[in-house]
Amino acid sequence: MEKLIINGGKPLRGTVKISGAKNAVLPAIAATLLGQDRVTVLDEVPNLDDVRTISEVLKTLGVKVQHVPEQCQLIVDASSIENITAPYELVRRMRASFLIMGPLLARLGEAKISLPGGCAIGTRPIDLHLKGFEALGAQISIGHGYIEAKAPNGLKGARIYLDFPSVGATENILMAASMAEGLSVIENPAQEPEIVDLANYLNIMGAKIRGAGTNVIKVEGVKKLVAHDYTIIPDRIEAGTYMIAAAMTRGDVYIANAISEHIKPVIAKLKEAGVTVDEDVDGIRVACDHRPKAVDIKTLPYPGFPTDMQAQFMAMLTISTGSAMVTETVFENRFMHVDELRRMGARIKIDGRTAMVHGVDYLTGCQVKATDLRAGAAIVLAGLVAEGETQIGYIHHIDRGYDNLVEKLVNLGADIRRVDQ
Ligand code: EPU
């Protein structure tokens, strides 16, 4: 087991380059299952454990996958798919494995995937995915820990209203509908940039999708999709995390490759907190020479404040001037970082889905653990400003979603290293 050791107090300075987006590359890898006739090369693929896990899932289906991390590429040959089952061992490790159900149903008319089970940030049901598949004509059965979906005569286009704009359900339904017969209309879909990226990728494979990024998506089903190379968009959450790191450490960092349009609520909140944020076409500069002001945040589906930035923003609030309210509306249990931040001296009170954060003058380093990916990012940020040494355990959570975190932070002047426990 490895851990991270951080000696806090160094202002971050310089340039960091943002990698491809975890939450865009995972659906894109699932979508490679739809591409026939030739090999797919995905570019700007981040070097993450989640990428390795979904690659394992594809390999269990008999698909050929080659990861070339030095070139940020993943090469997939899905010309033949021999198996339609995703086992518990892989789905348990990563819920996004469920994203292969839509493509398998569309291409082969059947899929069998282990039920994902519990999750650290909430119950995370998959009812909306299943409702969508059923509307498209699939028969769903659940037994022995597996969900089986069958559409032996193919899927049929349908009108589907999502009760909540779920990112995963929108992606799964989009992939299934792209090869269904006739027109599908998805109402109240998720509007995240990752949805637009997936639709763009499916469209260059030959799909006919309009309206991705708005509150109605129309999909005219096609008979076949042809494999095509694709470049993944930059990770807006990784960008947001480095923006907070620059602000908290009273540094000055240029976040290259970040698309400011994708991270507007975080930019707006940082500006409200008195942090300097300059945007240009190639990236975002964040600088700060004082303690940020406390500002309230409330997470919402895109274009609202992203839930995936809540923990990191809270880390900044712990050392801000004043008090602020953090409201989490997307997941019901996404405050696992609070106990760890408290161990470092933060003053936070939780009442249901709201946390009240009272800024303190300083945090102190100690032993803490990453309880999930973004909670892990939050305590890394806290460690960067804490007095003395912070030791972070359970860092496999962080490796799921941050490409080369230690090297990128060291290049910016942080005192952080990885050691074997
Ligand atoms: N939900 C349902 N039923 C469903 C699906 C979702 O009730 O069938 C609920 C969930 O329980 C949750 C809410 O809807 O309360 C949002 O879930 P959503 O489906 O939108 O999330 P997801 O697709 O499971 C993706 C990201 C998450 C990110 C969320 C929200 C990927 C691989 N994961 O998850 O990323 O938090 O959208 O933006 O795209 C992360 O990167 O740290 C992460 C957790």
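## The largest cavity

Start inside the protein: the lining of the largest cavity is made up of 10 nonpolar residues and 1 polar residue, with no charged ones. Keep in mind that this is a predicted model. The volume of this cavity comes to about 50 Å³, and the count of cavities of 30 Å³ or more is 3.

Who does the lining? From the helix H8 stretch (236–248) and from H12, as well as from helix H14 (405–411), come at least two residues each. H12 gives the largest share, with 4 residues. If you want to pick the lining out in the viewer, look for Thr 241, Tyr 242, Ala 245, Ala 377, Val 380, Leu 381, Leu 384, Ile 398, Tyr 402, Leu 405 and Leu 409.

## Around the ligand

H12 turns up again here. Helix H12 (373–385) supplies at least two residues of the shell around the ligand, and so do helix H1 (22–31), helix H5 (127–135) and helix H6 (167–177). The ligand has 22 residues around it, and the closest are Asp 127, Leu 128, Ser 166, Asp 308 and Val 330. Sorted by class, that shell holds 11 nonpolar, 5 polar and 6 charged residues, whereas the lining of the largest cavity has no charged residues.

Ser 166 uses its side chain, placing a polar atom 2.6 Å from an oxygen atom of the ligand. Gly 168 takes part through its backbone, with a polar atom there 2.7 Å from a ligand oxygen. Val 330 also works through the backbone: one of its N or O atoms sits 2.6 Å from an oxygen atom of the ligand. As for cover, the ligand on its own would expose 830 Å², and the protein buries 86% of that.

## A sheet with E7 and E9 at its edges

Another open sheet of 4 strands, again with mixed pairing, reads E7-E8-E10-E9. Strand E7 (85–86) and E9 are at the edges with a single partner strand each, so one side of each has no neighbour in the sheet.

The pairing of E9 with E10 is antiparallel and spans 5 bridges. Within that pairing, Ile 142 is opposite Ile 147 in E10. The loop between strand E9 (139–143) and strand E10 (146–150) is where you'll find His 144. His 144 is worth a look for its backbone: phi is near 55°, a positive value in a residue other than glycine.

## A cis proline

Which peptide bond is cis, with omega near 10°? That's the one from Tyr 302 to Pro 303. Pro 303 belongs to the loop that lies between strand E20 (297–298) and helix H10 (310–317).

Key:
Residues are numbered from 1 along each chain as its sequence is written. This is a predicted model: local features need pLDDT of at least 70, side-chain atom pairs count only at pLDDT 80 or more; totals for chains, interfaces and linings use all residues. Side-chain values use heavy atoms; hydrogens and water are left out. A residue is near a molecule or strand if one of its heavy atoms lies within 4 Å of it. A polar contact is a pair of N or O atoms within 3.5 Å; within protein, one must be able to donate a hydrogen and the other to accept it, and residues adjacent in sequence count only if both atoms are side-chain atoms. Accessible areas come from the Shrake-Rupley method with a 1.4 Å probe; for residues, only the protein chains shown count as cover. Ala, Val, Leu, Ile, Met, Phe, Trp, Tyr, Cys and Pro count as nonpolar, Asp, Glu, Lys and Arg as charged, and the others, Gly among them, as polar. On a 1 Å grid over the protein atoms alone, a cavity is a set of points where a 1.4 Å probe fits but cannot get out, and a pocket is an open set with protein on both sides within 12 Å along at least five of seven lines; lining residues have an atom within 4 Å of a point. Grid points are joined across faces, edges and corners, and a volume is the space filled by probe spheres set on the points. Two strands pair if DSSP finds at least two bridges between them.
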